[in-house]
Amino acid sequence: MIANKIIQIGKTKWDRCTRNGSVRIGNKNLLFHTFSPLLQSSQDLMTYLEAFKSYPDQLSNAKMMTFRIIEADKTISALLEKANSKQLNLHEQHSHQFEKDVVESIPILIDPCMDYTWYKQHREELSQIPALPKELRSLISSLTRIDKQEQTKKLTKAEAFQQQKIIYEDFWLGLLAEPKKPADVVTRMLELQNAFGADVGLPPVPPIYSPKLLDVAKQINKISKAVWTGENCATYLVLTPEIMHSEGQIKLILDYLKNVDSKFIVIKVKNLELDKVSYVYERDMFKKILETINGIKKYKNDDRVFVLLEAGLQFYPAMSGGFDVVSTSLRALDKDGAFGRSANEGHGGWYDPKYLVVRSFQDVKKMFELNGGLPCQCPVCSNMKEVGKRNVWNQKRREHYIYSASYLSQEISNFVDQQRIELAIEKLSKSALSNFKRLLPFVS
Ligand SMILES: [Zn+2]
């Protein structure tokens, strides 16, 4: 029923806070360090596939795809349809050989998105998944009912929040108290990922902000391992920003990760914004996470793979400080509901590979005026003479980001080869994220 795959970690090479190497998941190979883009729309997927078709050798460190269950119908499902079609072309070859090769060689992750049983943002999309377990559907309707009462002013914002908190906690804590239900819900959410070709199963864990919810996540991870019995079922944790304020809870989480029996450990921190100057404490907590990950990998003889989802601007320190795979959206920002400024008329910002942040479209226009182009050697930017229309620009800047993230990942691997990981710190110091330079563990 569920595709169990062997996970085999190849030879590794360390330099203080990070390592090179690779892992095989069934027949697919994954490099450390890999950027795994989160493909949220058919356009994102097309951009990724086009980049691969055009310059595959420029994307050696971007060979993994992350999707969310809420968009799977428009993204991975469409890709699988082509890859699995029996259609032949005039030369009797598979009509979609490229898509078939992609699906057969590039590891796929499907996020079950239980975040949106707590966060409002994509709750509606979650409720529209036809195969969603009925228990989750009814939880979502209860939460939506409160939203409506807030909109019609029957409840204040604070009252609505309190009521939703009670419903949310009652659901997840109550679910585990029932005999068969948790296994049913977990099985259906894992089967959905399996149907979409996931190479690693992600347990449907709720976002956590308290020790009680951490216990729920632990239980769901445990049940998932009983359902998806292969080595390719991950341990998954979704942390809320509140957790980053609590050393006690971070300690509980790290103690759990030290002891958990999984080869794949996947973490997502919702709306992580460590770049704010005043977030000294939160950066300290993130550093603790990176240090612990390094410790676990070494203690477990390199037998663990760590993945960070929705990393946003933390992409670079996360990749150079402990995570083997890091995922972000093609906008390089992952905060729910982060939109560009309306003055730019839909032209999105450009990820600056030197400053490691997204530059505004105003900055982009200035760079074109002053230098006649953008300071980037990727195949997209080096051929771009003008910004162009909105749609063209938005596709190009996304394609540029895939190349840039792959180069940056590959560069970190090169630093390890040369035993000069301090160059990653230097890069952070010179970037607009110089706040992050003290994040990397074991490097001074
Ligand atoms: Zn570029």
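Here's a quick tour of one helix, a strand pair and a single residue. The model is predicted, so local features need pLDDT of at least 70 and side-chain atom pairs count only at pLDDT 80 or more, while totals for chains, interfaces and linings use all residues. Residues are numbered from 1 along each chain as its sequence is written. Helices (H or I, at least four residues) and strands (E, at least two) are DSSP runs, numbered from the N terminus.

**Helix α6**
- Helix α6 covers residues 157-177, and at 1.5 Å a residue its 21 residues should span 30 Å, which agrees with end C-alpha atoms that are 30 Å apart. That expected span is 1.5 Å times one less than the number of residues.
- Gln164, Trp172 and Leu175 are the buried residues of α6 (buried: 20 or more other C-beta atoms within 10 Å of its own; exposed: 12 or fewer; partly exposed: in between; C-beta atoms are placed from the backbone).
- The face turned away from the buried side carries exposed residues, including Lys165, Ile166 and Asp170.
- Packed against the buried residues of α6 are α5 (134-151), α7 (181-195) and α8 (211-227).

**Strands β6 and β7**
- Strand β7 (residues 108-111) is covered on both faces, with Ile108 and Ile110 buried on one side and Leu109 and Asp111 on the other.
- Strand β6 (residues 65-68) runs parallel to β7, and four bridges join them (strands pair if DSSP finds at least two bridges between them).
- Arg68 has Asp111 in β7 as its bridge partner.

**Glu99**
- You'll find Glu99 in helix α3 (residues 97-105).
- Glu99 is partly exposed because 19 other C-beta atoms lie within 10 Å.
- Glu99 and Ala83 are 16 residues apart along the chain, yet their C-alpha atoms are separated by 5.0 Å.

Definitions and conventions
Two residues are in contact if their C-beta atoms, placed from the backbone, lie within 7 Å.
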